[in-house]
Amino acid sequence: MNYLRRQIWDIPESKHTSESVYRERKTHRREFLERMGIASAGLLLPWALSGCNEEAPPTVQPANVVDPPVPVADPENESPTTSSHYPAKRNPKFEYGRDETDREEAAKYCNFYEFTTSKSAYKYVDKFQPTPWEFEVDGLCGKPRKFDLDDVYKTFTLQERAYRHRCVETWAMCVPWTGFPLSELLKLVEPKPEAKFVAFETFNRPKEAPRMNEPTEPWPYTEGLTIEEAMNDLTLVTTGIYGQPLLKQHGAPIRIVTPWKYGFKSIKSIVKVTLTDKQPATFWNTLIPHEYGFRANVNPEVPHPRWSQRRERMLGTGEAFDTVVYNGYGDFVGKLYKS
Ligand SMILES: Nc1nc2c(c(=O)[nH]1)N[C@H]1C(S)=C(S)[C@@H](COP(=O)(O)O)O[C@H]1N2
Ligand SMILES: [Mo]
């Protein structure tokens with residue numbers, strides 16, 4: 001029998017999370033479930049993040065079937081202010097080590113559960129208004145402040161980074177993001193020494209994103225990182241993809257990208273960044289805690305309870321690769337997890 005070595009993020013939360021954080025999270029989850037009048041959310045979500053078997057990445061289709069082209073630019077999200085910043089200069093430090101994913105393949109296959117449980121989010125985002133946009137940085141910091149998109153473009157120098165992306169469902173892609181390190185944003189607001197975590201929150205507008213009306217799910221989408229992870233150079237505040245502003249389905253107008261973690265950590269369309277001393281509750285960890293941990297680092301040795309994480313398939317080509325620990329970013333982040 002093949003015994004897989006269990007990692008800290010794969011053992012029950014109660015065994016490695018400090019008692020108080022654990023209790024707080026448990027209370028959060030219990031309250032959420034009680035509000036919903038259900039005992040175990042996981043059992044009621046046949047659609048939830050579902051491995052590669054359910055809807056495999058599109059590969060070759062019969063020659064007589066012709067899909068309409070997927071829009072790869074979004075005029076609504078481009079203005080004179082933004083377009084002058086694209087494309088940004090490529091940062092040569094980052095390379096995929098694989099072929100870049102075709103932009104149309106990336107545009108037509110992604111997760112954005114506010115709009116749909118299918119992978120075709122691009123078909124459901126028409127009502128979503130990513131401009132104008134504001135986000136707030138608050139919590140345990142000396143200089144909390146709000147940013148609109150003009151502030152972002154004036155304050156930060158954008159760069160392009162070739163990053164791998166690995167969804168927990170086993171599909172993967174290689175895309176060029178445009179953005180700037182989250183550490184630059186955090187330094188501006190002057191985190192206090194007590195700030196141990198950074199919490200993120202997505203917009204909350206059920207009229208534009210109808211699945212946010214779903215009462216059994218903990219909307220709005222939330223995510224979180226430790227302060228060390230947030231300050232790591234890899235963590236990118238992202239405003240663009242393929243040399244232009246983000247398409248709506250990719251999380252316009254501003255999102256986070258953490259390429260060494262499973263894709264669900266890379267939260268889209270954020271309106272709030274909060275410095276805190278407690279591990280924040282997150283969307284997936286609240287919904288199905290035994291399947292989605294807070295840390296969620298890519299690791300081929302730790303299977304998802306319902307599927308293996310050893311292999312991954314590239315969007316578009318369907319090419320399969322062995323999954324690499326930290327998604328290949330061990331040199332950048334391995335030291336965060338040494339002890
Ligand atoms: N707000 C929000 N952010 C989200 C999601 C989501 O449903 N809502 N899905 C996540 C998942 S599971 C993945 S794999 C990536 C996919 O994003 P991309 O392919 O557009 O980069 O977004 C992540 N961020
Ligand atoms: Mo994902």
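Is Arg103 buried, exposed or partly exposed? Select Arg103 and show its surface: this is a predicted model, and in it Arg103 has a relative accessible area of 33%, so it counts as partly exposed.

Leaving out residues up to four places away in sequence, Arg103 touches Val72, Tyr242 and Gln244.

Time for the ligand. Select ligand 1 and show what is around it: 21 residues surround ligand 1, and the closest are Tyr113, Glu114, His250, Arg255 and Ser266. Zoom in on His250, where a polar side-chain atom sits 2.8 Å from an oxygen atom of the ligand. Then click on Ser266, which has a polar backbone atom 2.9 Å from a nitrogen atom of ligand 1. Thr202 is worth a click too: an N or O atom in its side chain is 3.0 Å from a nitrogen atom of ligand 1. How much of the accessible area of ligand 1 does the protein cover? On its own, ligand 1 has 530 Å², and the protein covers 100% of that.

Last stop: the cysteines. Select Cys110, which counts as buried because its relative accessibility is 4%. Cys167 is buried as well, with a relative accessible area of 4%. As for disulfides, the count is 0.

Key
Residues are numbered from 1 along each chain as its sequence is written. Chains are lettered from A and ligands numbered from 1 in the order in which they are written. This is a predicted model: local features need pLDDT of at least 70, side-chain atom pairs count only at pLDDT 80 or more; totals for chains, interfaces and linings use all residues. Side-chain values use heavy atoms; hydrogens and water are left out. A disulfide is a pair of cysteine sulfur atoms within 2.5 Å. Buried means under 20% relative accessible area, exposed over 50%, partly exposed in between (1.4 Å probe, protein chains only). Contact means heavy atoms within 4.5 Å. A residue is near a molecule or strand if one of its heavy atoms lies within 4 Å of it. A polar contact is a pair of N or O atoms within 3.5 Å; within protein, one must be able to donate a hydrogen and the other to accept it, and residues adjacent in sequence count only if both atoms are side-chain atoms. Accessible areas come from the Shrake-Rupley method with a 1.4 Å probe; for residues, only the protein chains shown count as cover.
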